[in-house]
Amino acid sequence: MTEETRITSTSEAEECPPGEAALCIMGRSLPDPCPYPATVPLPHRLGGDDLRLCAYHAATEPLVDESEELNVSLELVRAYLKGARRHGAAGPLVTILERAEADFSEREAVVDKVLADLKAAEYALMRG
Ligand SMILES: [Zn+2]
């Protein structure tokens, strides 16, 4: 890919001429995009150097990822629990799975509480 095709293939090139501060990429294609300046590069696994987040989204996105991962883990543990409870000989396994379910639930609740508090604080400070 040539430099020219790379630039023309992104809408950001049109929206943000060189020299102007780019905005956070969160919600960029939505009617209500994030209004904050993009100051933090995306983690390497997610995109190129030209994609950046604001400080708020750089702080909250790892928590959003963790919450989603915990949610998937909880669904799996609950499905295994459902199967294990059908077998009388699986008592020790049920005990372990119930402990895992309780741990994941507790962690998910903490992550979701921190995220909700950050969102409320951001709203009160910047948009309220
Ligand atoms: Zn943002």
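A residue is counted as buried if 20 or more other C-beta atoms lie within 10 Å of its own. In this predicted model, Cys24 has 22 C-beta neighbours inside 10 Å and therefore counts as buried. Across the protein, which has 128 residues, 9% are buried.

Beyond its neighbours within four places in sequence, Cys24 is in contact with Cys34, Tyr36, Ala38, Leu53, Cys54 and His57. For one of these residues, Tyr36, the separation from Cys24 is 12 residues in sequence and 5.8 Å in space, taken from C-alpha to C-alpha.

If contacts between residues at least 6 apart in sequence are considered, 40% of them join residues at least 24 apart.

The mean pLDDT of the protein is 82, and 77% of the residues reach at least 70. Helix H3 (residues 55–84) has the highest confidence, at a mean of 95, whereas helix H1 (residues 3–8) has the lowest, at 40. Over residues 1–17 pLDDT remains under 50, and the model gives this stretch six contacts beyond four places in sequence. Where pLDDT is low, predicted coordinates should not be read in detail.

Notes
Residues are numbered from 1 along each chain as its sequence is written. This is a predicted model: local features need pLDDT of at least 70, side-chain atom pairs count only at pLDDT 80 or more; totals for chains, interfaces and linings use all residues. A residue is buried if 20 or more other C-beta atoms lie within 10 Å of its own, exposed if 12 or fewer, and partly exposed in between; C-beta atoms are placed from the backbone. Two residues are in contact if their C-beta atoms, placed from the backbone, lie within 7 Å. pLDDT is the predictor's confidence in each residue, from 0 to 100. Helices (H or I, at least four residues) and strands (E, at least two) are DSSP runs, numbered from the N terminus.
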